[in-house]
Amino acid sequence: MGKDIVSMLPDELTEDFIRLGLPKFRAAQVYDWLGKGIRDFDGMTNLSKELREKLKSEYDIYRPKVLSKQVSKLDGTIKYLWELKDGNAVETVVMSYKHGNTVCVSSQVGCRQGCAFCASTIGGLVRCLEPSEILDEVMFSQIDSGKRISNIVLMGIGEPLDNFDNVMKFLRLVNCEKGMNIGMRHISLSTCGITERFDDLAAQDMPLTLSVSLHAPDDETRSKLMPANRGRGVEQLIDCCKKYYEKTGRRISFEYAMIDGVNDTEMHARLLAKRALAVGAHVNLIPLNHVEERKFQPSTAGHMKAFIKILEDAGVNITVRRKLGSDVDASCGQLRRKMQNKEKQING
Ligand code: SAH
């Protein structure tokens, strides 16, 4: 197996070409093609046949295939299911807002975190994605949809901090001037709270937004919903968030999916307000997306209203996320699950 060329930064490719005895300017030409989304060496028409053959023997290159594409009739949200080179599948969602198009990418095939409300984790972790595979979710969502992508959220399938090195490399690739050139300030990385990695992330000096999936402000509720809380705890998470904010100066976002009768009481709202104010965090409330295999239901409109009022009265900075693509299963892992279920039915 050759080297994964799409996972390489321009300088790495240049160095590699020098090692192979190839002229430097050839690396720049190849990088131009890669930046345009060309994923076969024969498509690089300004290279000699001989050079193309040499590249084929040195490098691996692959273009993800669209397994399914659903376009929401309600809001134009597009959901892709891509087939990777080993036959695994991951989801990507393209959402259109007034300020531009946001792509939500997966970072792993499956997930080992086991959150009780999430569809992505049901079959466990299959494997981590390569930097090139995450990059190509963005690249081919843009090419296929014809919508220029200006923002990225790492909120698809997987826990990005469980695939730390590959995700960091992806961020460098997508941010690279000769690549897609998407600014770090337009990127959000979402985590269930793998606090051991917060210092490493801060040390990368990337001005992205860290989103923390809080979903409950107390250990009793949070440990029930999110196994990642067991052995870490909310207090420690809050301390690590504070430290991250002090180090980077980047305001943290708390994600909070409102679940009927589970995390939406007055007690939860008051404690959430306290947690958010302690960190200076912005709170993003999301009505839970019901997942077939899970028992949870979204909070009622009445409960949400009361919850929001407590947060607002306390002076917390909040937004309530619009539900997009609800007719195309556009939430975390639902499409991949459906596909697996279908395969199960077919294979008995
Ligand atoms: N592993 C990372 C990123 C992937 S999930 C994390 O945990 O943050 C992206 C977001 O969707 C997380 O906030 C996650 O908790 C949330 N999520 C998962 N299932 C959901 C559901 N059924 N309804 C609403 N939000 C959900």
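1. A word on the elements named here: helices (H or I, at least four residues) and strands (E, at least two) are DSSP runs, numbered from the N terminus. Please keep in mind that this is a predicted model, in which local features need pLDDT of at least 70 and side-chain atom pairs count only at pLDDT 80 or more, while totals for chains, interfaces and linings use all residues. Residues are numbered from 1 along each chain as its sequence is written, and side-chain values use heavy atoms, with hydrogens and water left out.

2. Helix α9 itself covers residues 266-279. Its end C-alpha atoms are 20 Å apart, which agrees with the 20 Å that 14 residues should span at 1.5 Å a residue; the expected span is 1.5 Å times one less than the number of residues. Buried residues in α9 include His268, Leu271, Leu272, Arg275 and Val279, where buried means under 20% relative accessible area, exposed over 50%, and partly exposed in between (1.4 Å probe, protein chains only). Among the elements covering the buried residues of α9 are α8 (234-248), β12 (253-258) and α10 (301-313).

3. Which residues touch the most other members of the largest nonpolar core? They are Val138, Ile152, Leu171, Leu189 and Phe254, out of 97 residues. Such a core is a set of buried Ala, Val, Leu, Ile, Met, Phe, Trp, Tyr and Cys residues joined through side-chain atoms within 4.5 Å. In soluble globular proteins, nonpolar side chains tend to be buried together.

4. Helix α5 (residues 164-175) deserves a look alongside that core. The helix gives the core its largest share, seven residues. α5 has twelve residues and reaches 16 Å from its first C-alpha to its last, close to the 16 Å expected at 1.5 Å a residue. Its buried residues include Phe164, Asn166, Phe170 and Leu171, and their cover includes α2 (24-35), α4 (131-145), β9 (149-154), β10 (187-191) and α6 (198-203). Leaving aside neighbours within four places in sequence, Leu171 is in contact (heavy atoms within 4.5 Å) with Leu154, Met184, Ile187, Leu189, Met206 and Leu208.

5. Now to the ligand, which 19 residues surround, the closest being Gly158, Ser190, Ser213, His215 and Asn289; a residue counts as near if one of its heavy atoms lies within 4 Å. Ligand oxygen atoms lie 2.6 Å from a polar side-chain atom of Ser190 and 2.5 Å from an N or O atom in the side chain of His215. A nitrogen atom of the ligand is 2.9 Å from a backbone N or O atom of Asn289. The protein covers 94% of the 530 Å² of accessible area that the ligand has on its own (Shrake-Rupley method, 1.4 Å probe). The elements giving two or more residues to the shell are β10 and β12.

6. Val30 sits in helix α2 and counts as buried because its relative accessibility is 0%. Beyond residues up to four places away in sequence, Val30 touches Ile5, Leu13, Phe17, Met44, Leu47 and Leu55.

7. Finally, a glycine in a loop: Gly325 lies between β14 (318-320) and α11 (334-347). Is Gly325 buried or exposed? Gly325 is buried, with a relative accessible area of 1%. Gly325 and Lys73 are 252 residues apart in sequence, with their C-alpha atoms 8.2 Å apart in space.

Terms used:
Polar contact = N/O pair within 3.5 Å; in protein donor to acceptor, adjacent residues only side chain to side chain.
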